[in-house]
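The following questions and answers examine selected local features of one protein model. Please read them alongside the sequence and the coordinates.

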Amino acid sequence: VVAHHGIGVLFFDGTGEYHWFDIADLDAESEIETESAATEGAHHGVAVVMEDGTRFETLEDRSGARVLDAEGEELARAENCPGVHGEAAGPDPIIDVGCEDGALIWDGSEFQKIDGGAEYARSGNLFPAEGSPIFLADYRTDQDVPMTEVALINAETFELTTADIGAAYNFRSLARGPEGEALVLAEDGQLHVIDAETGERIDQVQIMDEWTEPEEWQQPRPAIRVIGDIAYITEPEEQTIHMVDLTSLEIIHSAELDFVPNEIAAADGRPAHGAQEDEHDHGGEDHDQGDEDHDHDHDHDR
């Protein structure tokens with residue numbers, strides 16, 4: 001699921017089709033009207049539809065992406081992004097996807113490839129911040145070793161830098177703060193706060209005891225979502241959810257649950273803006289924040 005400027009897009013891996021609709025129509029009492037298109041073939045992919053009808057879609061063999069105009073004519077194609085995965089939008093018209101050797105940027109007129117710094121340097125989960133050209137992403141250089149570095153991808157300078165967290169993390173560990181800071185919930189139980197522009201550690205706060213990522217990606221592990229100044233963090237082992245004030249870096253409330261939390265989504269209660277209304281930058285899936293990072297976040301490497 002991807003939302004961009006009031007347009008929601010549903011991608012169907014089994015067919016390679018995608019359907020889009022006006023988000024404001026979600027309150028309709030009957031079925032909503034959709035338009036649809038098909039990629040070149042079924043695959044685990046993603047598509048984005050822009051305000052002018054231009055469409056961004058990943059390629060069938062997951063070697064990259066292409067952009068088509070509103071009539072479906074191909075405008076640009078890039079086949080230099082092996083294992084393409086994830087998607088995030090920055091300041092218009094930037095769209096970023098991850099590759100197994102870096103990242104691929106659509107800048108509105110052409111594709112730009114960003115080198116990952118190693119032969120295998122996979123980023124597959126991208127997290128934007130409103131108004132910022134910098135994307136936070138996971139960063140893996142060895143499929144058999146836990147990730148301890150994150151990538152900071154600059155869509156203006158086309159550079160990728162890394163920041164070492166000093167502890168392992170996984171694909172549900174990342175989010176962005178109210179000032180665009182990079183947030184990493186690591187296996188040391190701490191929430192690490194990183195300056196997205198410099199890669200320097202700003203602060204950290206202990207949220208829970210140390211934990212270890214389960215072998216299967218479907219199994220519960222701590223996750224984070226952010227709305228405004230508040231981070232919502234799950235602690236499956238204790239069946240607890242924590243609210244963290246990101247301005248003071250304090251846990252302001254913890255609630256016990258009667259179930260083991262796994263994935264989490266957060267909503268702020270604002271009315272949905274449709275395609276004709278939405279004038280703000282979709283800095284992260286328009287949504288909450290990783291849902292904002294688009295439910296496209298599992299990591300097939302493990």
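Q: Is Phe158 buried, partly exposed or exposed?
A: The model is a predicted one, in which local features need pLDDT of at least 70, side-chain atom pairs count only at pLDDT 80 or more, and totals for chains, interfaces and linings use all residues. Residues are numbered from 1 along each chain as its sequence is written, and side-chain values use heavy atoms, with hydrogens and water left out. Buried means under 20% relative accessible area, exposed over 50%, and partly exposed in between, with a 1.4 Å probe and protein chains only. Because its relative accessibility is 30%, Phe158 counts as partly exposed.

Q: Which loop holds Phe158, and what is its phi?
A: Strands are DSSP runs (E, at least two residues), numbered from the N terminus. Phe158 lies in the loop between strand S15 (147-154) and S16. Most residues other than glycine have a negative phi. Phe158 is not a glycine, yet its phi is positive, at about 60°.

Q: Where does Arg62 lie, and what is its phi?
A: Arg62 is placed in the loop between strand S6 (55-58) and strand S7 (65-68). Arg62 is a residue other than glycine, and its phi is positive, near 60°.

Q: Which residue in S14 is the bridge partner of Phe127?
A: S13 and strand S14 (residues 134-139) pair in the antiparallel sense over two bridges. In S14, the partner of Phe127 is Leu136.

Q: What is the average twist from one strand to the next in the open sheet S21-S22-S23-S24?
A: Four strands in the order S21-S22-S23-S24 form this open sheet, and their pairing is antiparallel. Strand S21 (224-227) and strand S24 (250-256) are at the edges with a single partner strand each, so one side of each is left without a neighbour in the sheet. Axes are lines fitted to C-alpha atoms, for helices over the stretch in contact, and angles run from 0 to 180 degrees between N-to-C directions. From one strand to the next, the twist averages 20°.

Q: Is the disulfide of Cys81 and Cys99 left-handed or right-handed?
A: A disulfide is a pair of cysteine sulfur atoms within 2.5 Å, and those of Cys81 and Cys99 are 2.0 Å apart. Cys81 lies in the loop between strand S8 (74-78) and strand S9 (85-89), whereas Cys99 lies in strand S10 (residues 95-99), 18 residues apart. Cys81 is buried, with a relative accessible area of 0%, and Cys99 is buried at 0% relative accessibility. The torsion about the S-S bond of Cys81 and Cys99 is about -105°, so the disulfide is left-handed.

Q: Is the peptide bond from Asp92 to Pro93 cis or trans?
A: Pro93 lies in the loop between S9 and S10. Most peptide bonds are trans. With omega near 0°, the bond from Asp92 to Pro93 is cis.

How values were computed. Two strands pair if DSSP finds at least two bridges between them.
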